[in-house]
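Here is a friendly tour of one protein model, with its pockets, its nonpolar cores and one hairpin as the stops. Keep the structure open beside you as you read.

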Amino acid sequence: MAVRLGELVAALGGELHGSAEQLVHRIAPLESGDAGSIAFLSNPKYRAQLTTTQAGCVIVSPAVQEEAVARGAAIVTADPYLYFARLTQWWAERVRPRPAAGIHPSAVVDGTAVIGQNVHIGPLAVVEAGAILEDGVVIGPHCTVGARARIGADTRLAPRVTIGFDCVVGARCLFHSGVVIGADGFGFAPHQGTWEKIEQLGAVRIGDDVELGANTCIDRGALEDTVIGNGVKLDNLVQIAHNVHIGDHSAMAGCVGVAGSARIGKHCTVGGAGMILGHLTLADHVHVSSGTLISRSVLKPGLYSGAFPFDENANWEKNAATLRQLHALRDRIRTLEKQVKS
């Protein structure tokens, strides 16, 4: 695809320095850009690449405008990374294939299902009784939409996504392959050395503009629903247990696990392989570093980190308790050292 720089600026804004007729054919990193590409600079540590890049046009902030213009065409904007994100969206709309509306002959759609306008249902997909697919929904090959489930307008399911019965998905969501919504939560009552299943009678409710990575699972609630707020982003291989609530616009990286009935606030983030124990509360704007275990509620916004070597549990608990007092112990030792010296 060939695009004029003037066309990009007309669509996305920004201040163009250079010819509006200049063509770019792809988006590229600074280090591998060529004359036919557009790149961006947002992180100051890559500023040196601005003088060496061969990219035909560079998206930059006002702070480096002079350097950028000296080397060639540039689009100046307050937030180059945000501009880059919107550029990728604009580009994808034009190059990414979108399936035509219609139901593939091999799909199985129950006669009581409600299908909106401009809906695509791919090969070997199954839509069960009473399900509702709103306008513009895309159901990929081998997907299953359970009985009485509802999929909001313009939501896209990649191949092999499963939406369980009674689950509700909002508008403009994107679920990647292998996502499972509404599997049973992990609930069992111990009885004389065996496990008695607790039937999971709730469902899953997912808001608008949610994106879920490949093979991510969100379990249905035991009695009430598991709830995912608007704008939530979950990476690949994330496990959300039954009755968890995640607030609007929170994000979690790959392999995060959230145990049952945890309450995650709005605008929270959890780094890769972070773990949150059940029945805990995280306030709004809590950020958890990669690999951190959250074992108690966090009621104050901020960044939290922690990694501690495993040991026999009794020893681990003693060492963890001591570690929490380490700062105070250091101060006491310093005071004692001063007394000895005097």
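## The second largest pocket

How much space lies in the second largest pocket? About 660 Å³. Please bear in mind that this is a predicted model, where local features need pLDDT of at least 70 and side-chain atom pairs count only at pLDDT 80 or more, while totals for chains, interfaces and linings use all residues. Residues are numbered from 1 along each chain as its sequence is written, and side-chain values use heavy atoms, with hydrogens and water left out.

A pocket here is an open set of points on a 1 Å grid over the protein atoms alone, where a 1.4 Å probe fits and protein lies on both sides within 12 Å along at least five of seven lines; lining residues have an atom within 4 Å of a point. Grid points are joined across faces, edges and corners, and a volume is the space filled by probe spheres set on the points.

Lining this pocket are 19 residues, with Leu293, Ser295, Ser305, Gly306 and Trp316 nearest its centre. Helix 4 (313-324) and strand 38 (293-294) each give two or more residues, and helix 4 gives the most, five. Helices (H or I, at least four residues) and strands (E, at least two) are DSSP runs numbered from the N terminus.

## The largest pocket

The largest pocket holds about 1,200 Å³ of space. Its lining has 29 residues, and Ala92, Arg96, Arg156, Leu174 and Glu211 are the closest to its centre. Helix 3 provides the largest share of that lining, seven residues.

By class, the lining has 15 nonpolar, five polar and nine charged residues. Nonpolar covers Ala, Val, Leu, Ile, Met, Phe, Trp, Tyr, Cys and Pro; charged covers Asp, Glu, Lys and Arg; the others, Gly among them, are polar.

## Nonpolar cores

A nonpolar core is a set of buried (under 20% relative accessible area, 1.4 Å probe, protein chains only) Ala, Val, Leu, Ile, Met, Phe, Trp, Tyr and Cys residues joined through side-chain atoms within 4.5 Å. The largest has 52 residues, and Ile163, Phe175, Ile181, Ile206 and Ile240 have the most contacts inside it. Another core, of 14 residues, lies apart from it and includes Val24 and Trp90.

## A hairpin

Strand 22 (residues 188-191) and strand 23 (residues 194-197) run antiparallel, joined by four bridges; strands pair if DSSP finds at least two bridges between them. Proline 190 has tryptophan 195 as its bridge partner. Two residues separate the strands of this hairpin, and glutamine 192 in the turn has a positive phi of about 50 degrees.

Definitions and conventions: Buried means under 20% relative accessible area, exposed over 50%, partly exposed in between (1.4 Å probe, protein chains only).
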